[in-house]
Amino acid sequence: MDSSSVIRKTAADLRLSPNLADYAGERRAFAWDRARAELIGLPGGGLNIAHEAVERHANGPLRDKTAFRFLARGIPARDVSFGELSRLASRFANVLRQLGIGKGERVFVLAGRIPELYIAVLGSLKNGSVVSPLFSAFGPEPVATRVNLGAGRVLVTTDRLYERKVASLRDKMPTLEHVLLVAEDGGSTNIPGTLDLAALMAEASEVCEVEPTGAEDMSLLHFTSGTTGTPKGAVHVHGAVVTHYATGRYALDLHADDIYWCTADPGWVTGTSYGIIAPLLHGVTSIIDREEFDAERWYGILQDEAVTVWYTAPTAIRMLMKAGAEIPRKYRFPSLRFIASVGEPLNPEAVRWGRDVLGLPIHDNWWQTETGGIMIANTPAFDIKPGSMGRPLPGIDAAIMRHREDGTVTVIDEPDVEGELALKRGWPSMFRGYLNNEERYRKCFAGEWYLTGDLAKRDADGYFWFIGRTDDVIKSAGHLIGPFEVESALMEHPAVAEAGVIGKPDPVVGEVVKAFVSLKQGFVESEALRMELLGHARKRLGAAVAPKEIAFLPSLPRTRSGKIMRRLLKARELGLPEGDLSTLEGGG
Ligand code: AMP
């Protein structure tokens with residue numbers, strides 16, 4: 001790349017002394033054991049995420065400091081201090097205890113960004129239970145699939161979401177014993193087969209000992225998608241908190257006085273690791289906005305809440321860019337001092353747009369559900385090369401791997417060569433398994449290396465550049481979508497014989513989900529049927545996962561072994577070369 005396009009940092013960009021100033025020195029000196037020593041641990045020697053994130057501050061000088069400031073349209077902001085958060089999380093943990101839900105048992109949360117979601121996550125962790133936040137835009141099928149895979153015993157949701165997304169499949173979730181409801185109008189609920197969370201919380205004690213969990217005890221379960229089969233439940237442990245702490249320091253540059261806003265929903269891993277845990281660990285005040293994207297609102301929040309550190313995503317940045325330059329001119333951002341982005345490739349224009357419009361460049365960083373925390377980042381310590389994901393953080397070794405024909409994998413030493421991005425195992429937040437799928441987990445490793453499924457290259461300065469995925473998963477608005485889940489829902493429609501789903505490039509959301517279907521005998525393609533299929537998929541899968549486009553084909557290309565060739569569908573859609581067709585059924 002042209003070196004003139006590198007964004008050189010000046011002292012004015014940093015405003016205060018960054019946590020990571022000497023990249024090479026810090027990498028040399030870093031050891032995970034020492035990072036662990038910065039946390040307090042449980043009295044008996046264990047480790048618990050909620051204890052580090054909340055209890056530590058609730059029992060110290062930050063007791064009355066605001067931990068979360070919850071914003072929602074039409075109602076006043078609600079500030080919750082570290083002390084209050086601790087008491088509320090204790091009440092929730094006691095609710096679980098009274099229901100007989102203990103260590104290692106699974107609690108699911110399906111809610112928008114309401115205070116109860118955050119309380120349930122922290123209370124579950126305090127109780128030693130395993131928590132899995134689900135995205136509230138999921139439809140009934142993705143919810144039921146995940147609750148069943150995770151053997152959920154408890155689901156916390158709202159009365160409206162329950163009626164729309166859970167009730168119809170409740171009898172298909174045999175492990176689910178307790179549904180705890182939050183009334184969206186703030187009152188109480190009495191839907192048969194459910195419990196009113198507010199009433200249980202009011203009766204529960206606000207005193208509760210943290211369950212003595214160890215660093216290897218399971219804490220969070222996050223579902224992620226692959227090319228085939230059901231979603232995979234990535235198992236995380238309490239020890240991950242060491243990574244959350246270290247990366248909050250290095251990649252987000254969190255300082256005690258920051259006002260921090262992570263725009264990610266906790267239904268996706270960023271919204272949990274960095275929307276809940278990391279800022280609390282650093283004793284930082286977080287802004288949580290319940291509303292969906294709105295350019296005016298977002299600029300308003302950055303200004304009015306005096307946000308200092310902002311962690312967001314490329315789709316949101318592109319939507320701000322699209323909304324035009326007039327809106328931000330009405331706002332001022334004197335407090336803002338650091339911006340980071342994650343989840344999908346960040347275009348070089350977006351990095352520069354940050355500097356022009358917000359006065360700061362945007363620091364792209366990379367990680368995934370399986371890594372549990374940020375691995376590669378543009379940090380305050382070095383210049384930004386727009387379009388690059390940055391360099392591995394202290395404690396992280398990354399490499400580009402070549403897959404040999406004999407099935408072995410080797411590190412590519414030369415720069416600028418494309419291969420699979422890999423990380424040397426051993427960082428604390430590395431996932432410990434895919435739930436009930438040991439074989440799939442084992443396949444992610446080659447000796448000491450974890451293979452990420454991403455294609456990338458490393459340049460001579462050690463910066464990593466994202467190229468694409470090695471599989472067929474789709475990234476739409478930052479959300480990973482498994483084509484199989486979408487195809488399965490389409491196949492349930494009586495008219496559909498086969499379905500193949502691809503990600504179609506989109507200038508704003510990265511990729512949109514596009515489905516190709518062939519129809520069963522007796523059905524004829526029509527606009528009405530297309531609309532019906534779109535509606536069918538949306539009802540089952542929810543807006544976040546459902547296809548935005550559906551096209552009819554007489555039949556779908558398949559390999560000789562019967563697999564739908566999504567790559568070929570994609571190449572044809574984009575007018576690209578069709579590549580090797582030797583495995584195509586009837587082709588070759
Ligand atoms: P998820 O597990 O849902 O967080 O998705 C992880 C995937 O998102 C990665 O494996 C990448 O394919 C993609 N991704 C995350 N961060 C970036 C980034 N900074 N640039 C490009 N792709 C990214």
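Analyst: Taken over C-alpha atoms, the centres of domain 1 and domain 2 are 29 Å apart. Domain 1 covers 40-458 and domain 2 covers 473-574, with bounds that come from an automatic or database domain assignment. Their contact (heavy atoms within 4.5 Å) takes 24 residues from domain 1 and 25 residues from domain 2.

A word on the source: this is a predicted model, in which local features need pLDDT of at least 70 and side-chain atom pairs count only at pLDDT 80 or more, while totals for chains, interfaces and linings use all residues. Residues are numbered from 1 along each chain as its sequence is written, and side-chain values use heavy atoms, leaving out hydrogens and water.

Now to the helices, which are DSSP runs (H or I, at least four residues) numbered from the N terminus. Let us begin with α6 (residues 115-126) and α11 (residues 269-281), which pack at an angle of about 65° with axes 11 Å apart. Axes here are lines fitted to C-alpha atoms over the stretch in contact, and angles run from 0 to 180 degrees between N-to-C directions. That angle makes α6 roughly perpendicular to α11 (65 to 115 degrees; under 35 is roughly parallel, over 145 roughly antiparallel and the rest oblique). Y118, V121 and L122 of α6 meet G275, I276 and L280 of α11. By class, this contact has five nonpolar residues, one polar and no charged. Ala, Val, Leu, Ile, Met, Phe, Trp, Tyr, Cys and Pro count as nonpolar, Asp, Glu, Lys and Arg as charged, and the others, Gly among them, as polar.

Next comes α4 (residues 49-58), whose axis comes within 8 Å of that of α11, crossing at roughly 50°. This makes α4 oblique to α11. On the α4 side the contact is made by I49, E52, A53, V54, R56 and H57, and on the α11 side by I277, L280 and L281. Six of these residues are nonpolar, one is polar and two are charged.

The remaining pair is α4 with α6, whose axes come within 8 Å and cross at roughly 120°. Here I49, A50, V54 and E55 of α4 meet L122, L125 and K126 of α6. This contact divides into five nonpolar, no polar and two charged residues.

L280 of α11 takes part in the contact with α6 and in the contact with α4. L122 of α6 meets α11 and also meets α4.

Terms used:
Helix = DSSP H or I, 4+ residues; strand = E, 2+ residues; numbered from the N terminus.
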